[in-house]
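Student: I have a chain open and want to talk it through. Can you take me around it?

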Amino acid sequence: MEQVNVRYMVDDVQAAIAFYVDNFGFTLLSNQAPAFADVARGNLRLLLSGPRSSAARPMPDGRQPSPGGWNRIHFVVDDLALEVERLRAAGVTFRNDIIKGPGGSQIVLDDPSGNPIELFQNR
(Lines give C-alpha, C1' and ligand atoms only; values in the text may rest on other atoms or scores of the structure.)
Protein backbone atom coordinates (compact mmCIF):
# COMPACT_ATOMS: atom_id res chain seq x y z
CA MET A 1 0.00 0.00 0.00
CA GLU A 2 1.22 3.49 -0.82
CA GLN A 3 2.25 5.90 1.92
CA VAL A 4 -0.08 8.81 2.64
CA ASN A 5 1.43 12.12 3.78
CA VAL A 6 -0.54 14.68 5.80
CA ARG A 7 0.91 18.02 6.93
CA TYR A 8 -0.24 19.59 10.17
CA MET A 9 0.85 23.05 11.21
CA VAL A 10 1.81 22.92 14.90
CA ASP A 11 2.74 25.50 17.53
CA ASP A 12 5.40 23.32 19.20
CA VAL A 13 7.12 20.52 17.28
CA GLN A 14 8.43 18.74 20.40
CA ALA A 15 4.97 18.73 22.02
CA ALA A 16 3.46 17.37 18.79
CA ILE A 17 6.05 14.58 18.59
CA ALA A 18 5.34 13.52 22.17
CA PHE A 19 1.58 13.66 21.60
CA TYR A 20 1.54 11.44 18.52
CA VAL A 21 4.22 9.00 19.72
CA ASP A 22 2.89 8.63 23.28
CA ASN A 23 -0.85 8.61 22.58
CA PHE A 24 -1.17 6.99 19.16
CA GLY A 25 1.90 4.81 18.69
CA PHE A 26 3.56 6.83 15.93
CA THR A 27 7.27 6.29 15.27
CA LEU A 28 9.57 9.31 15.02
CA LEU A 29 11.21 9.45 11.58
CA SER A 30 13.09 12.74 11.85
CA ASN A 31 13.30 15.63 14.28
CA GLN A 32 14.37 19.06 13.03
CA ALA A 33 12.72 20.90 15.94
CA PRO A 34 11.74 23.62 16.35
CA ALA A 35 11.00 23.80 12.60
CA PHE A 36 9.87 20.33 11.55
CA ALA A 37 9.49 16.64 12.38
CA ASP A 38 7.80 13.69 10.78
CA VAL A 39 6.23 10.67 12.43
CA ALA A 40 4.69 7.54 10.94
CA ARG A 41 2.03 5.01 11.81
CA GLY A 42 1.43 2.29 9.28
CA ASN A 43 1.13 3.95 5.89
CA LEU A 44 0.48 7.41 7.36
CA ARG A 45 3.37 9.87 7.51
CA LEU A 46 2.43 12.95 9.50
CA LEU A 47 4.49 16.07 8.75
CA LEU A 48 4.62 18.34 11.80
CA SER A 49 5.52 21.85 10.64
CA GLY A 50 6.29 24.46 13.31
CA PRO A 51 6.33 28.26 13.06
CA ARG A 52 9.94 28.20 11.80
CA SER A 53 9.23 25.77 8.94
CA SER A 54 9.05 26.77 5.30
CA ALA A 55 5.41 25.58 5.29
CA ALA A 56 4.59 28.33 7.83
CA ARG A 57 5.64 31.18 5.54
CA PRO A 58 2.86 33.60 4.59
CA MET A 59 1.03 33.16 1.30
CA PRO A 60 1.41 35.88 -1.37
CA ASP A 61 -1.97 37.33 -0.33
CA GLY A 62 -0.77 37.65 3.29
CA ARG A 63 -2.63 34.69 4.82
CA GLN A 64 -0.57 32.88 7.45
CA PRO A 65 -0.74 29.08 7.73
CA SER A 66 -1.82 28.08 11.23
CA PRO A 67 -2.99 25.03 13.19
CA GLY A 68 -6.59 24.04 13.72
CA GLY A 69 -9.54 23.90 11.38
CA TRP A 70 -11.83 20.94 10.77
CA ASN A 71 -10.05 18.74 8.22
CA ARG A 72 -8.67 15.85 10.21
CA ILE A 73 -7.04 12.48 10.29
CA HIS A 74 -9.42 9.67 11.12
CA PHE A 75 -8.47 6.65 13.26
CA VAL A 76 -10.72 3.60 13.39
CA VAL A 77 -10.69 2.01 16.86
CA ASP A 78 -12.17 -1.22 18.23
CA ASP A 79 -13.51 0.23 21.48
CA LEU A 80 -14.22 3.96 21.33
CA ALA A 81 -15.27 4.34 24.97
CA LEU A 82 -12.06 2.66 26.15
CA GLU A 83 -9.89 4.87 23.91
CA VAL A 84 -11.65 8.02 25.13
CA GLU A 85 -11.13 6.96 28.73
CA ARG A 86 -7.42 6.26 28.10
CA LEU A 87 -6.86 9.58 26.34
CA ARG A 88 -8.80 11.63 28.90
CA ALA A 89 -6.62 10.08 31.61
CA ALA A 90 -3.59 11.26 29.58
CA GLY A 91 -4.98 14.83 29.60
CA VAL A 92 -6.11 14.96 25.96
CA THR A 93 -8.68 17.67 25.10
CA PHE A 94 -11.86 16.63 23.28
CA ARG A 95 -14.03 18.95 21.17
CA ASN A 96 -17.22 17.00 21.83
CA ASP A 97 -18.65 13.89 23.44
CA ILE A 98 -19.14 10.60 21.62
CA ILE A 99 -21.89 10.87 19.03
CA LYS A 100 -23.62 8.02 17.20
CA GLY A 101 -24.56 7.99 13.55
CA PRO A 102 -25.75 5.47 10.98
CA GLY A 103 -22.26 4.04 10.42
CA GLY A 104 -20.95 4.04 13.95
CA SER A 105 -19.74 6.31 16.75
CA GLN A 106 -17.20 9.11 16.70
CA ILE A 107 -15.51 11.81 18.74
CA VAL A 108 -13.12 14.63 17.83
CA LEU A 109 -10.08 15.54 19.92
CA ASP A 110 -7.32 18.13 19.56
CA ASP A 111 -3.57 17.68 19.35
CA PRO A 112 -1.49 20.18 21.38
CA SER A 113 -1.80 22.79 18.59
CA GLY A 114 -5.55 22.43 18.11
CA ASN A 115 -5.43 20.16 15.04
CA PRO A 116 -8.39 17.77 15.08
CA ILE A 117 -8.27 13.99 15.14
CA GLU A 118 -11.37 11.86 14.79
CA LEU A 119 -11.70 8.52 16.54
CA PHE A 120 -14.33 6.29 14.95
CA GLN A 121 -15.82 2.94 15.87
CA ASN A 122 -17.85 1.02 13.30
CA ARG A 123 -21.25 -0.25 14.39
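Student: Let's begin at I73. What stands opposite I73 in β9?

Tutor: I117 stands opposite I73 there. Bear in mind that this is a predicted model: local features need pLDDT of at least 70, side-chain atom pairs count only at pLDDT 80 or more, and totals for chains, interfaces and linings use all residues. Residues are numbered from 1 along each chain as its sequence is written, and side-chain values use heavy atoms, with hydrogens and water left out.

Student: How do β5 and β9 pair?

Tutor: In the parallel sense, over four bridges. Two strands pair if DSSP finds at least two bridges between them. Strands are DSSP runs of E with at least two residues, helices are runs of H or I with at least four, and both are numbered from the N terminus.

Student: Which residues of β5 are on its covered face, and which on the uncovered one?

Tutor: I73 and F75 are covered. H74 and V76 are on the uncovered face. In a regular strand the side chains alternate between the two faces of the sheet.

Student: New topic: the core. How many residues has the largest nonpolar core?

Tutor: It has 26 residues. Such a core is a set of buried Ala, Val, Leu, Ile, Met, Phe, Trp, Tyr and Cys residues joined through side-chain atoms within 4.5 Å. Buried means under 20% relative accessible area, exposed over 50%, partly exposed in between, with a 1.4 Å probe and protein chains only. Y20, F24, L48, L109, I117 and L119 have the most contacts inside the core.

Student: Which elements supply at least two residues each?

Tutor: α1, β3, β4, β5, α2, β8 and β9. α1 gives the most, with six residues.

Student: What does F24 touch, leaving aside neighbours within four places in sequence?

Tutor: F19, R41, F75, L87, L109, I117 and L119. Contact means heavy atoms within 4.5 Å.

Student: R41 is on that list. What is its bridge partner in β4?

Tutor: L44. β3 and β4 run antiparallel and are joined by six bridges.

Student: And the open sheet, what is its strand order?

Tutor: The order is β1-β4-β3-β2, four strands with mixed pairing. β1 and β2 stand at the edges with a single partner strand each, so one side of each is left without a neighbour in the sheet. The twist averages 15° from one strand to the next.

Student: Where does α1 sit?

Tutor: α1 packs on the sheet and touches β1, β2, β3 and β4. Its direction makes about 10° with that of β3. Axes are lines fitted to C-alpha atoms, for helices over the stretch in contact, and angles run from 0 to 180 degrees between N-to-C directions.

Student: Two residues to check. Is S53 buried or exposed?

Tutor: S53 is buried, at 8% relative accessible area. It lies in the loop between β4 and β5. Beyond its neighbours within four places in sequence, S53 contacts M9 and A35.

Student: Last one: how many helices and strands in the chain?

Tutor: Two helices and nine strands. Of the 123 residues, 39% count as buried.
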